[in-house]
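Student: I would like to learn how to read a structural model feature by feature. Where do we begin?

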Amino acid sequence: MNTVIKNYKPDFVIFNGEITKFNEARISIMAPGFTFAISVFEGLRGYWNDKKQKLYIFRLKEHIERLKFSIKTIELDTSNIFKNIESQITELVQKNNIKDNLYIRIQIYADDWGSMFSKSPIGSSIISYPRPRADGYYDGRNFAVSSWRRNTEDSSPPRIKTTGNYFNGRLAGLEAIRNGYDGSIILNNHGCVSEGPAGCIFIIREGKIITPSITSGILESITRDTIIKIVKSELKLDVIERSIGRTELYLAEEAFYCGTAMEIIPIISIDRKIIGSGKTGSTTIKVQKAYDAVIFGNNEKYIQWLTPIEFK
Ligand code: PMP
């Protein structure tokens, strides 16, 4: 389940605050960001509205706020990084001239030659590249509950978007692929649903939309927050945030997986047990439609979530 265009390399990236040719952006092999994963990141999407001839970056401010939280928690010394990060992103997208749906990744890490306790010097990179809509967005995918457990709040907190946390997701994702599934659902240390390797889980049960609470061992997902808000205001439905037991997944009428890169992927079976009709459910389609209107700038109510980029 990936839509990254293989072998695509942008002309330019932002490397340590400067526009740099992609091939010239290099980090030290002794950088703790590399040797100990002392590194945090954000992944954002931008959407190209052809009619308006505008590119909109989705919820840039919220991603920057989450990045600041991750940095604060792992204690990196980043006094200079945030001075003009928003204008750097705008400049990068304009310079690479990507008038298409795209992805942006911001990476902040301990650089140079250091230990796992290094707080400086800090390296940073921002890359943007075209990225099509998520694979499986409309037709749905088959998921499995992983045999791996999610890392916990008192070991390696999933709330922090640190590179190290993705090892857990890798184990779960590889297991799912090996067993012939498209995606994975990871349980927390209480045996309840946490999230997937790169996205959150929603189920619809007896007409109610339910998602694991933010204390279930999840990243505080910006897509999850978006969906909760638009479900309430556009679909006029409530969202219940609570623990979800494994077997409750099998009782769901509908389920979907969501995240910035994953967008909204209908889950049509879990552990080979068919969910609902085995097809993308009607509520999921409504959520997708409402979400699409917001991200492409076609619902004025949410225009404050979009950072427009103009091209010459
Ligand atoms: N959980 C994990 C582990 C993720 O990596 C992601 C993707 N960032 C998400 C959830 C979804 O978060 P967001 O909606 O902010 O992209």
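**Ligand, cores and local geometry**

Tutor: Begin with the ligand: one of its oxygen atoms is 2.4 Å from an N or O atom in the side chain of Y166. That is a polar contact, meaning a pair of N or O atoms within 3.5 Å; within protein, one must be able to donate a hydrogen and the other to accept it, and residues adjacent in sequence count only if both atoms are side-chain atoms. The model is predicted, so local features need pLDDT of at least 70 and side-chain atom pairs count only at pLDDT 80 or more, while totals for chains, interfaces and linings use all residues. Residues are numbered from 1 along each chain as its sequence is written, and side-chain values use heavy atoms, with hydrogens and water left out.

Student: How many residues surround the ligand, and which are the closest?

Tutor: A residue counts as near if one of its heavy atoms lies within 4 Å of the molecule. Here 16 residues surround the ligand, with Y166, E195, S221, T223 and T260 the closest. The side chain of E195 has an N or O atom 2.6 Å from a nitrogen atom of the ligand. For S221, a polar side-chain atom lies 2.7 Å from a ligand oxygen atom. The ligand taken alone exposes 380 Å², and the protein buries 95% of that; accessible areas come from the Shrake-Rupley method with a 1.4 Å probe, and for residues only the protein chains shown count as cover.

Student: What is a nonpolar core?

Tutor: In soluble globular proteins, nonpolar side chains tend to be buried together. A core here is a set of buried Ala, Val, Leu, Ile, Met, Phe, Trp, Tyr and Cys residues joined through side-chain atoms within 4.5 Å. Buried means under 20% relative accessible area, exposed over 50%, and partly exposed in between, with a 1.4 Å probe and protein chains only. The largest nonpolar core has 28 residues, of which I89, I104, I106, I108 and I126 touch the most other members. Strand 5 (102-110) is among the elements that each supply at least two residues of this core, as are helix 3 (85-96) and strand 6 (122-130). Strand 5 gives the largest share, five residues. Helices (H or I, at least four residues) and strands (E, at least two) are DSSP runs, numbered from the N terminus. Another core, of 27 residues, lies apart from it and includes I204 and V287.

Student: How many disulfides are there?

Tutor: A disulfide is a pair of cysteine sulfur atoms within 2.5 Å, and the count by this rule is zero. The sulfur of C200 has its closest cysteine sulfur in C258, at 5.3 Å, too far for a bond. C200 is buried at 3% relative accessible area, and C258 is buried at 0%.

Student: What should I look for in the loop between strand 5 and strand 6?

Tutor: Check contacts and backbone angles. S118, in that loop, is buried, with a relative accessible area of 14%. Its side chain reaches the backbone nitrogen of S115 at 2.8 Å. Not counting residues up to four places away in sequence, S118 touches P32, I38, L76 and A110, where contact means heavy atoms within 4.5 Å. P121 is in this loop too, and a cis peptide bond joins S120 and P121, with omega about -5 degrees. D112, also in the loop, has a positive phi of about 75 degrees although it is not a glycine. At 42% relative accessibility, D112 is partly exposed.
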